[in-house]
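Subject: Structure handover

Hi,

Here is the structure for your files. Please open it alongside this note.

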Amino acid sequence: MAPQKQVKKIVLAYSGGLDTSVILTWLKEKYGCEVVAFTADIGQKEELTGLEEKGIKTGASKVYIRDLRLEFARDFIFPAIQGNAIYEMRYLLGTSLARPLIAKAMVEVAEQEGADAFAHGATGKGNDQVRFELAYKSLAPNKTIIAPWRTWDFGGRSDLIEYAKSKGIPVPVTAAKPYSMDRNLMHISYEGGILEDPYKEPNEDMFLLTVSPEKAPDSPEILELEFQEGNCVGVNGKKLNPLEVMETLNTIGGKHGIGRVDIVENRLVGIKSRGVYETPGGTILFIAHRDLESITIDRDTQHHKDKLSVEFAELIYNGHWFSSRMSAVRAFIQDTQKFVTGVVKVKLYKGNCTVIGRKSPVSLYNPAMATFEKEELYNQYDAEGFINLYGLPAQEAARLRRK
């Protein structure tokens, strides 16, 4: 174990949950210095109620709660939607997207407070330790990073619950229901505890954003989403900013049971982890945006972008938001969005989001060329020469094999 560094003031990524509540007290005992608690409001809703008072009572010298919801939607969620970022074909990266924003804001608070260290509550088995720390290293390379889960003697969350009880720290987790939750504008994630058996179905009362598809309305709901340069700017004819888009689609999508995903994913550290996610608004945006690209981006560019989207998602998942490679990938993605403008019509019904129409003033779809009726723009006889040239390598290889 590396020797303990002497620090004067620590900025802690604080949620008020079990882990960070214990960490706040533990840091003060271990380092004997001032601890400033930082919380980013990125859509946790009622989880923020009473948080400042709780942080002060738990030992923080100050508690910062900053409203970053609009910035999160505009500068993190929307770029991910533009890039069609989805990890392992199923996870829309809600937690992954939030970490670099939180770290960026913590750096700003550290500069304001004259702090020389950061601390976070991510475990040594997870992805968030990498996401936080790569961001700290990129934005404030000279400050110390403290990761209690990698250094203290607690064996697991049951130990933390006992410690919290001994210190009189109120926490919203019990041994009977110890799964870990992370909520923001993009999603809610659930991991650990009762979910660690990948064959066990989650309890219905766990879900907060969505109703079960079985209990969703018996009639479908039609939405029209308006996009400008790859960003959703309106729903059903009403102009909305990115925060309003997310709040609106989360409410409507949740009512119809949209966006539930239960997966076993591959963490960066090599561990397989079972996660359950609710991403109603993000799911609707992802489906609608990719569909609009089908009529506004040419074939070769779209195919290359689809390949790059896998890399883009991995960069987000693995914590490289502020890397040079990410900047280059995002520059390509941004350039492809110049003409992704138009309207997509989707039908929401019992857990399904189905595209039923799309239009664009700059659509590349030409009915006159696509028709099965007689037309003048495309000469079908030209296809013969194309196929002869295109199939020449396969034809010659087959001849040689026959010999």
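Below is what turned up, region by region.

First, the ground rules. This is a predicted model: local features need pLDDT of at least 70, side-chain atom pairs count only at pLDDT 80 or more, and totals for chains, interfaces and linings use all residues. Residues are numbered from 1 along each chain as its sequence is written, and side-chain values use heavy atoms, with hydrogens and water left out.

Helices (H or I, at least four residues) and strands (E, at least two) are DSSP runs, numbered from the N terminus. Two strands pair if DSSP finds at least two bridges between them.

**Around β2**

Start with strand β2, residues 34–41. Seven of its eight residues are buried (under 20% relative accessible area; exposed is over 50%, partly exposed in between; 1.4 Å probe, protein chains only). Strand β1 (residues 9–13) pairs with β2 in the parallel sense, over five bridges. There, Leu 12 has Ala 37 as its bridge partner. Strand β3 (residues 62–67) also pairs with β2 in the parallel sense, over six bridges. Phe 38 stands opposite Tyr 64 in that pairing.

**α1 against α2**

Helix α1 (residues 18–31) packs on helix α2 (residues 51–58) at about 35 degrees, axes 9 Å apart. Axes are lines fitted to C-alpha atoms, for helices over the stretch in contact, and angles run from 0 to 180 degrees between N-to-C directions. Ser 21, Leu 24 and Thr 25 in α1 meet Lys 54, Gly 55 and Thr 58 in α2 (contact: heavy atoms within 4.5 Å).

**The antiparallel sheet**

Four strands form an open sheet in the order β6-β7-β12-β11, with antiparallel pairing. β6 (180–183) and β11 (260–266) are the edge strands. The twist averages 25 degrees from one strand to the next. Four bridges join β7 (residues 188–191) to β12 (residues 272–278). Glu 191 stands opposite Gly 275 there.

**Two positive phi values**

Most residues other than glycine have a negative phi. Asn 84 has phi near 50 degrees. Asn 84 lies in the loop between α3 (69–82) and α4 (94–113) and counts as buried, at 6% relative accessibility. Glu 229 also has phi near 50 degrees. Glu 229 is in the loop between β8 (221–228) and β9 (231–235) and counts as partly exposed, at 45%.

Best regards
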